[in-house]
Every structure is written in C-alpha cells, then in structure tokens.
Amino acid sequence: TVSIEGGAGNDTITNSGDGVTISGGAGIDVISNTGSGTSTVLLTISGGAGADKIYNEGKYVYISGDADADSISLGSASENVTINVGAGNDTITNQNSVYSANVYQFNTGFGNNVIVGFSVNDSIQALGTSSVTALSYKSIAQRTVGSGEDSVVVNDLILNIGNTIVTLQGYGEVGNVVHLANGEDGDDLTVKKWSVGTSGVDTWEVSDDLEGYELVMLGGADK
C-alpha cells in the first residue's frame with residue numbers, strides 16, 4: 001500500500017493512483033484524488049486538522065474530514081464514497097446524484113453541516129452514542145407564498161443527530177426518502193406531510209416526527 005503524507009503545513013496533494021492512503025496532516029490542505037479503491041479495500045483520504053478542501057473523482061473511497069470547517073467535493077465520476085465529516089461546520093457537494101450510493105457519517109459534536117446533491121441512493125449513518133432513532137426532522141419549508149418577513153429554509157431538509165445538524169440542501173420535496181445505514185429499510189425517513197400557514201403570524205416547532213413535515217409560510221413574521 002502506498003501512503004502519501006503531507007505533514008504539518010498547508011499542503012497540496014494530487015493523486016491518481018489506486019488503493020493508496022492519503023493524509024494531509026495539520027494545516028489548510030488541498031487534496032485532489034482521481035484514484036479508486038475496491039469494494040473490500042477502500043482508498044482512504046484524511047484531511048487532518050485545518051479547514052481542508054478535498055476533491056474526489058474516485059470510486060470506493062473513504063474520506064475523513066477531521067477537525068475544522070472542511071469543504072468536500074465529489075465529482076461526477078465519484079461513486080460509493082463513505083464520508084466521516086468530523087468536528088466542524090462542513091460542506092459536502094455531490095455532483096453525481098444518480099449513481100453515487102454514498103454514506104455520510106455523523107456523530108454528536110460534528111457541528112452544523114450541509115450536503116448539496118444528496119440523493120435517494122445515499123445514506124445517513126449515525127455513529128457512536130448517536131442512535132438512529134435520534135434522527136428527526138427539525139424543520140422543512142417547501143416554499144414561501146405571499147409577503148411578509150418569513151423565516152424559512154426553502155426546499156431544505158434539516159436532520160438532528162444528537163447535537164449535530166445536517167442540512168440536505170434541496171431535498172425537502174414530498175416523497176423524498178432518507179436511507180439510514182444503521183437500520184432496516186422500514187426505518188428509512190420519508191417526507192410526507194404538509195403544514196400551511198396563514199397570512200398572519202405563525203409559529204412552528206417540528207421535531208421528533210419520523211414522518212416529516214413540509215411547511216408553507218404565507219405573509220407575516222413567521223417563526
């Protein structure tokens with residue numbers, strides 16, 4: 001097995017080899033990978049401490065963002081990637097939303113995270129003491145209608161895993177399914193419900209409901 005280690009400092013690492021292990025080490029690193037692993041032996045990438053940028057086009061890859069606010073981009077050729085974001089407010093962008101089959105791992109204390117391009121082929125996995133049953137919809141808003149100071153997250157599905165927040169950007173449509181890597185198929189979460197506000201001041205608090213909600217807020221200073 002070939003190992004590539006950046007060590008301390010702000011490193012730039014570019015890899016095209018298969019089956020390697022990449023470690024950025026401490027510092028603000030930029031790691032680009034087009035190599036792949038196999039279904040039994042994953043190519044591994046560890047960003048290390050620091051706000052790293054990791055780009056991946058490979059298949060069968062394990063990515064650990066580690067500490068700090070990382071940016072992880074999965075290209076159109078990227079498939080079967082497992083991502084452990086680590087501590088920090090991380091952003092993951094998936095450009096292959098059709099065949100990706102990614103697993104996104106979260107634990108308590110992993111911060112406020114955003115996934116762009118989450119698809120029905122992907123899965124969420126709660127680690128450690130974070131139970132799958134702790135996954136819930138915190139709030140969903142489909143769209144804003146009318147005028148007023150509406151506080152909404154348009155088309156986003158927000159999950160709560162312990163004290164970790166995961167926003168699935170653009171995934172709040174009715175019928176969308178979130179697969180849970182820990183559980184059986186019957187444990188998957190499905191967006192099914194609507195809640196329509198009025199033209200006045202409306203307040204919603206949606207949590208611990210595995211059926212999910214979609215909110216339409218009309219005019220007024222809604223919460």
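Which residue in S11 is the bridge partner of Thr82? I looked that up to get going, and the partner is Val103.

**Entry 1: ground rules**

I am working with a predicted model, where local features need pLDDT of at least 70, side-chain atom pairs count only at pLDDT 80 or more, and totals for chains, interfaces and linings use all residues. Residues are numbered from 1 along each chain as its sequence is written, and side-chain values use heavy atoms, with hydrogens and water left out.

**Entry 2: the whole chain**

I looked up the secondary structure and found 20 strands and 0 helices in the protein chain. Here helices (H or I, at least four residues) and strands (E, at least two) are DSSP runs, numbered from the N terminus. The chain has 223 residues, and 45% of them count as buried; buried means under 20% relative accessible area, exposed over 50%, and partly exposed in between (1.4 Å probe, protein chains only). I noted an accessible surface of about 9900 Å², with 49% of it on carbon and sulfur atoms (Shrake-Rupley method, 1.4 Å probe; for residues, only the protein chains shown count as cover). For contacts (heavy atoms within 4.5 Å), I took those with a separation of 6 or more: 29% of them join residues 24 or more positions apart.

**Entry 3: confidence**

I checked pLDDT, the predictor's confidence in each residue, from 0 to 100. The chain averages 79, and 70% of the residues score at least 70.

**Entry 4: strands around S11**

Back to the opening pair. Strand S9 (residues 79-84) runs parallel to S11, joined by 3 bridges; two strands pair if DSSP finds at least two bridges between them. S11 also pairs with S13 in the parallel sense, over 4 bridges. Val103 turns up again here, with Ser123 as its bridge partner in S13.

**Entry 5: rings**

How many aromatic pairs does a search of the whole structure find? I got 1. Tyr104 and Phe118 have ring centres 5.8 Å apart and planes at 40 degrees, so I logged the pair as tilted. For the cut-offs, rings of Phe, Tyr and Trp (its six-membered ring) pair if their centres lie within 6.5 Å; planes under 30 degrees apart count as stacked, over 60 as edge-to-face and the rest as tilted. Tyr104 sits in strand S11 (residues 103-106), while Phe118 is in the loop between strand S12 (112-116) and strand S13 (123-126), 14 residues apart.
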